[in-house]
Amino acid sequence: MSLGGGHNTDGSNAGGIFVQFNQDCTSLVAGSSSGYHLFALTPDDGVEEIYASRSGQDTCLVDRLFSSSLVAIVTVSAPRKLIVCHYKKGTEICNYSYSNTILAVKLNRSRLIVCLEESLHVHNIRDMKILHTIRDTPPNPRGLCALSPCVDHCYVAYPGSSAVGEVQIFDAVHLNAKCVISAHDSPLAALAWSMCGRRLATASERGTVIRVFAVPERTRLYEFRRGMKRCVSIACLAFSACGLYLAATSNTETVHVFRLQEASGAGGAGAGAGAAAGAGAEAAPGAGEAEGAGWMEWLSQAVVAGAGLLPAHVADVLAQGRAFAAARLPHAHVRAVAAVTNVARAPRLLVATSAGELYVYALDAHDGGDCVLLKQHRLLPAAAPHALHQPHDAAPGCSYAGALRGQPPDAMTESGRARELGAALAGSPPRGAFDLRDPRHFPPMPPAPPAPPAAALD
C-alpha cells in the first residue's frame, strides 16, 4: 500500500512525497523534505493531521504500525539507517544500519521487514533484534516486497526471479521458506496481501493482468484484466479489510476496483482445475462475476462452457474478470496508492498521490461503475512551513526530545528500549470528528444531586 521506490534518482523528495496507508487503512503517513507527517481519516470523509515531525530531514520512507505510536523512518541523508521512533513522546527508540540502501520497510504486530536490493532482514518487533536474514535474493532495485498484516499467517512475499514473475513466500514466524508461486511470465511489479494473510495479489511489469492466489495452497483464485489497449506500470495493489475488493493504481489516471466473489457452478470447478499450473494458459473462472449482469458475464460463461473449442490464449482473455468500479484522477503520470475502506459505514475508495493530494470517492457496493469524487484534500501545503531544526549539540540521529533531555539514543539501556517499544506498540483509539448528536462520543455524566431544602439554607 505504498508508493514503491521512496528514493528518487536525485536523492531527494523533490519529485514528490512518499505516501502510504497504514495496515488497516485508518491513517496515512507522508514523508517530505521537511520530515514526516501522520494523518487520521475522520468519519466525515475528512483528514486530520495528528503529528508533524518538522525535523528538517528529507524523509524518503515512513511506516506506522496500525494505530500505535511506533513509526519507522528512513531519511535521504542516511539511506542505510532505519530509525524506530515513539512519535508521541518524540523519542528515538533505536536505529540500525545496513550494508546497502534501504528500499522498503514493512510492519505488522510481530515482525519488521527491511528490504535491500539483494537481501531482506527479519526483525522481532518486540525487541527489534534481527531474527533472520534472507541473503542473495534476485536483484530487486525497486524494493518490492509485501508483509501480511496477520500475525497468524505472517508471510513475506518477494520476487524470486528478475526475469519472470516468480514469487517467493517466506514464513517470518517459523523462519523458513513456505512456497513458490509462478505468477506471471514477466517480472513482478506489485504485491499485496489480504488482511487475513491467506490471499496474495500480484501484477507484472506489463500491467494488463492481475492475479489473486491462495497461500500456501498456491491456488489461483481470480484473474482480472486491467485493460487491453496498452501496457501500464502498476504502482499499487490493495485489498479492502473485508477482502471483497481489490484496488489497483498505475501511471494512468484510472484507478480500478475489482470485486472478489466466490465462483459457482462450472466456473468454480474450472478455477480449481487450473490451480497448479501457475501462470500458464489456464482460465481463471469466477472473476467474470465481478462485471455483474451484462454481455461480458454472458460471454465468460459461454467461454467456460465451450473452452475446448477455442484457442487457449483466446479463452483466457475472454474469461478474465473486468473492473467492478473505476475512479478518474485529475492528472495522469502521478504516483498513487489506494485503499478501500468504510467511512461511517459507507464504502469509500481513497487515493493518495505523490503530489500531496488525497481523493475520497464514493464506491457503489451494489452496482459499481464510475466512482463519484466526494472530497479532495491537500495533505501538505505547497510551501512547507519553516522546519524546526535540532539543537547544534544534538548527536547525529538523536531525536529532538532526546537532545533536550541530554540522552542520545545510543545510551538507552536494553530495559529502557524495551519499555519504549512496549509503550509505542500500545494501540491508540481512532481519532475522528466528534458528533454532538451522538452520546457515545461523551463520557457518562452522573445525575445532579438534589437541591437542599429551603430550611437547610438558613
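Which residue in β7 is the bridge partner of A72? The partner is V84. This report describes a predicted model, beginning with the sheet around that bridge.

Strands β6 and β7 pair in the antiparallel sense, over four bridges. They belong to an open sheet of four strands, ordered β5-β6-β7-β8 with antiparallel pairing. Strands β5 and β8 form the edges, each pairing on one side only. From one strand to the next, the twist averages 20°. In general, the strands of a sheet pair through backbone hydrogen bonds, in either a parallel or an antiparallel arrangement.

Helix α5 packs on this sheet and touches β6, β7 and β8. The direction of α5 makes about 110° with that of β8.

## The nonpolar cores

In soluble globular proteins, nonpolar side chains tend to be buried together. The largest nonpolar core in this model has 36 residues. The residues with the most contacts inside this core are Y36, L70, L82, V84, I102, V105 and L112. Several elements each supply at least two residues of the core, including β3 (35-41), β7 (81-86), β10 (111-116) and α5 (414-425). The largest share, five residues, comes from β6. Another core, of 18 residues, lies apart from this one, and A339, L350, V360 and L379 are among its members.

Ring pairs link Y36, Y51 and Y87 into a cluster.

## Aromatic pairs

The whole structure contains seven aromatic pairs. In one of them, the ring centres of Y155 and W193 are 5.9 Å apart and the planes meet at 45°, so this pair is tilted. Because Y155 lies in strand β14 (residues 155-159) and W193 in strand β17 (residues 188-193), the pair ties together parts that are 38 residues apart in sequence. Y155 is buried, with a relative accessible area of 6%, and W193 also counts as buried, at 6% relative accessibility.

Y359 and Y361 form another tilted pair, with 6.5 Å from centre to centre and 35° between the planes. Y359 counts as buried at 4% relative accessibility, and Y361 is buried with a relative accessible area of 2%.

Conventions. Residues are numbered from 1 along each chain as its sequence is written. This is a predicted model: local features need pLDDT of at least 70, side-chain atom pairs count only at pLDDT 80 or more; totals for chains, interfaces and linings use all residues. Side-chain values use heavy atoms; hydrogens and water are left out. Rings of Phe, Tyr and Trp (its six-membered ring) pair if their centres lie within 6.5 Å; planes under 30 degrees apart count as stacked, over 60 as edge-to-face and the rest as tilted. Buried means under 20% relative accessible area, exposed over 50%, partly exposed in between (1.4 Å probe, protein chains only). A nonpolar core is a set of buried Ala, Val, Leu, Ile, Met, Phe, Trp, Tyr and Cys residues joined through side-chain atoms within 4.5 Å. Two strands pair if DSSP finds at least two bridges between them. Axes are lines fitted to C-alpha atoms, for helices over the stretch in contact, and angles run from 0 to 180 degrees between N-to-C directions. Contact means heavy atoms within 4.5 Å.
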